[in-house]
Amino acid sequence: MTGTTLLDGGFTAPVFQSQAIFRLVMDAVAQPGRIVDLGNPVQAPAPLEPAAAAFLATLADYDTPVWFEDNGTDTAASWLTFHTGAAVTKDPWTASFAVLSKNSPVSGWRNFAMGSLSYPDRSATLLLPVESLRDGTPLTLRGPGIETIATIAPCRLPDDFTETMATNTARFPLGFDLLLICASELLALPRTARLVEA
Amino acid sequence: MTNPSLPAYNFAYLDEQTKRMIRRAILKAIAVPGYQVPFASRDMPMPYGWGTGGVQVTASILGPDDVLKVIDQGADDTTNAVSIRAFFAKVADVATTTRTEDATIIQTRHRIPETPLAHGQIIVYQVPIPEPLRFLEPRETETRVMHALEEYGLVHVKLYEDIAQHGHIATTYAYPVKVEGRYVMDPSPIPKFDNPKMHHSPALQLFGAGREKRIYALPPFTDVVSLDFEDHPFTVQRFDCRCALCDAQDVYMDEVITDDRGGRMFVCSDTDHCETRRSEGCQGAGLPQHCTAKAGWEAAE
């Protein structure tokens, strides 16, 4: 599904497609753990998965530097810059959005902006691709947006994932917001989502 | 000249870059419930104080399939509600309704509908002063530090002074709440009667302050606790009268003065709630009351 050239693969109806994508993303962030399917409104070069590409096409622009973890993402980065105007940064600290690699080492996540106590909104949103959102070991979630508990089962999370998420939750209101992505589907783990023992 | 095939403005009035900026602010607002996210508020074709914050939030989330309800002090038929509803009907060609349960997005000024909100609905509040500490501390630099350090003693002092002067907490609207045990938040000037509806609401609640350039949010099922004291627990207004039109009780009432001899009627502030009840056959006394409502001093506010 990759575009034949960098100029291809953008939204065909940007106003309405980005609105529809945003509402799904907002649903996902407001209800941590809920899986939403963004479809394939854009076709981006690898390693951008469809949901990550749709998310960035909807929300990235010249105000939001994007950081790529993978090497060899020049094509994807160029596609993103052409279609959204977003700058690609080499410095994770400056990134609004970070496109992680599968099995991204969590030790690197501390390099992302997590906001300040005065401005906790000035924090990064991380996009983590996983093998599957449904076939992994179940994890239980609590927090705002969840009536009682929610269960997620992402597959092949990075090592020390739960410890990193516990640290992220503990430093609320600081922290990053994480989106787990698999193909066209996405679920959100904002900093308020607590992973708890089932 | 303008190309007739191109519309004069974008869908839902705002340009796409503005929508993206507001959408990013909304996502961070949801991720940090109760925290006021600064945003680059735009000039809207209506003056500040007429709901420009709510309008910008609604415009950024609104899609062609949405059904929009707009209320002003509970009423669908007052100036602010009518003009904002007409605005979105024109610039977004969106379906509008007055029925709370039919709406996907409800923009509100100063009320939460009586009909409980449902999962999947979004309520957008118009907020004049988003900062709950503003009348206690005018400097933004200071209130920002107070939020950062969770330094909310001043709010409790204000409530305590109410008790010292009046014998009870005299704050009746814009009653401060604490969100998820962290941020003290202004619920916008809704009557404190509506505060309990915010707690664990299944609907997503978004707040937009246009002049003050702030957006904040409550995800569904968020803890929203009205501040109080152990010996002066939070209570809501009670009305002893029943709605003169639909006989409803335990709703928020408007007092309507009917003559210059003390005649007055109490009617539902939520017009949709009142109309629905009347269409179901409920009927109130319909006459002005010359009685003194027991909760008069509070009901009159």
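B:L68 stands opposite B:T96, a residue of strand β3 of chain B. The model is a predicted one, in which local features require pLDDT of at least 70 and side-chain atom pairs count only at pLDDT 80 or more, while totals for chains, interfaces and linings use all residues. Residues are numbered from 1 along each chain as its sequence is written, and chains are lettered from A and ligands numbered from 1 in the order in which they are written.

Strand β2(B) and β3(B), residues 95–96, pair in the parallel sense over 2 bridges; strands are DSSP runs of E with at least two residues, helices are runs of H or I with at least four, and both are numbered from the N terminus. Two strands are said to pair if DSSP finds at least two bridges between them. Together with helix α3 (residues 79–91) of chain B, β2(B) and β3(B) make a right-handed β-α-β unit. Right-handed here means that, with the strands pointing away from the viewer, the path from the first strand over the helix to the second runs clockwise.

β2(B) also runs parallel to strand β4 (residues 105–109) of chain B, to which 5 bridges join it. Within that pairing, B:D72 has B:R109 in β4(B) as its bridge partner. A residue is buried if 20 or more other C-beta atoms, placed from the backbone, lie within 10 Å of its own.

For chain B as a whole, there are 8 helices and 12 strands. Buried residues make up 49% of its 301 residues. The C-alpha atoms of chain B fill a box of roughly 65 × 50 × 35 Å along the principal axes.

Chain B also touches chain A: 30 residues of chain B are in contact with 27 residues of chain A, a contact being two C-beta atoms, placed from the backbone, within 7 Å. On the chain B side, the elements that give two or more residues are α1 (16–31) and α4 (140–148). The most comes from α1(B), with 11 residues.

In chain A, an open sheet of 3 strands has the order β7-β6-β10, with antiparallel pairing. β7 (150–152) and β10 (194–196) of chain A stand at the edges with a single partner strand each, so one side of each is left without a neighbour in the sheet. Strand β6 (residues 139–142) of chain A is joined to β10(A) by 3 bridges and runs antiparallel to it. A:T140 stands opposite A:V196 in β10(A).

Definitions and conventions: A residue is buried if 20 or more other C-beta atoms lie within 10 Å of its own, exposed if 12 or fewer, and partly exposed in between; C-beta atoms are placed from the backbone.
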